[in-house]
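Hi,

Here is the structure I promised to send over. Have a look at it first, and then read my notes below.

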Amino acid sequence: MKNTIVTNKSLLLKNDDTIKHTISIDPDDESLVVEVWVRDISFLDIQNAAQKMIRVEKGDVTLDLAGYWGYALSNWITKTNPNLSNKELLSLKGYVGEQICKVLPQPTEMMEALQGGFTKQTE
């Protein structure tokens with residue numbers, strides 16, 4: 001197989017577009033929704049998220065899921081309707097936060113990416 005040098009640099013760079021998600025926030029009333037715009041995740045985003053998620057103290061490794069989700073909500077969501085501040089995003093009710101986090105990369109996906117799975121196509 002002959003190698004071809006990429007001429008279209010956009011194939012190498014993260015996408016600047018965001019994806020809008022409409023998320024139901026009440027299991028008893030699916031008509032109540034919030035809109036959330038999520039940006040494309042770069043290689044360095046994964047490294048930064050990993051630093052928030054993986055804690056090494058005195059040789060012990062622990063996972064800080066609150067650190068991971070705090071980073072994800074604050075850095076990967078670019079806009080919401082209704083408009084929510086970073087502080088408000090970090091104060092979501094459990095069910096609402098769970099629903100929003102379903103559209104963000106999961107910690108297991110981040111771990112996979114750190115092990116070389118970053119090339120997996122996103123949906």
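What follows is a short tour of what turned up. Keep in mind that this is a predicted model.

Let's start with helix α1, which covers residues 43-53. Its buried residues are D45, I46, A49, A50 and M53. If you look down the axis of α1, those buried residues fall within an arc of 135 degrees, so they line one face of the helix. On the face turned away from the buried side you'll find the exposed residues L44 and Q51. And what covers the buried residues of α1?

Next, the salt bridges: the structure holds four of them, and here are some notes on K20–E35, D64–R55 and D16–K14.

- K20 pairs with E35, with the closest N and O atoms 3.1 Å apart. This pair links distant parts of the chain, since K20 sits in strand β1 and E35 in strand β2, 15 residues apart. K20 has a relative accessible area of 45%, so it counts as partly exposed.
- D64 and R55 meet through their side chains at 3.4 Å, N to O. Both ends are partly exposed: D64 has a relative accessible area of 23%, and R55 has 32%.
- D16 bridges to K14, with 3.6 Å between the closest N and O atoms. D16 counts as exposed because its relative accessibility is 68%, and the cut-off for that label is over 50%. K14, at 36%, is partly exposed.

E35 also turns up in the surroundings of N81, a residue of strand β5 (residues 77-81). Leaving aside neighbours within four places in sequence, N81 is in contact with V34, E35 and W37. N81 and V36 are 45 residues apart in sequence, yet their C-alpha atoms are 6.6 Å apart in space. With a relative accessibility of 43%, N81 counts as partly exposed.

One last thing, on the surface: V6, L11, L12 and L13 form a nonpolar patch there, with about 440 Å² of accessible area together. V6 belongs to the segment before β1 (18-24), and at 40% relative accessibility it counts as partly exposed.

If you want to find your way around on screen, helix α1 with its buried face and the K20–E35 pair are the places I'd click on to begin with.

Cheers

Methods: Residues numbered from 1 in each chain as written. Predicted model: local features only at pLDDT ≥ 70, side-chain atom pairs only at ≥ 80, totals over all residues. Heavy atoms only, no water. Buried < 20%, exposed > 50% of the residue type's maximum accessible area, 1.4 Å probe, protein only. Helix = DSSP H or I, 4+ residues; strand = E, 2+ residues; numbered from the N terminus. Arc of directions from axis to C-beta. Patch = residues over 30% accessible without salt bridge, like charges linked within 9 Å, V, L, I, M, F, W, Y side chains within 5 Å. Areas by Shrake-Rupley, 256 points an atom, 1.4 Å probe, with all protein chains shown as cover. Salt bridge = Lys/Arg side-chain N within 4 Å of Asp/Glu carboxyl O. Contact = heavy atoms within 4.5 Å.
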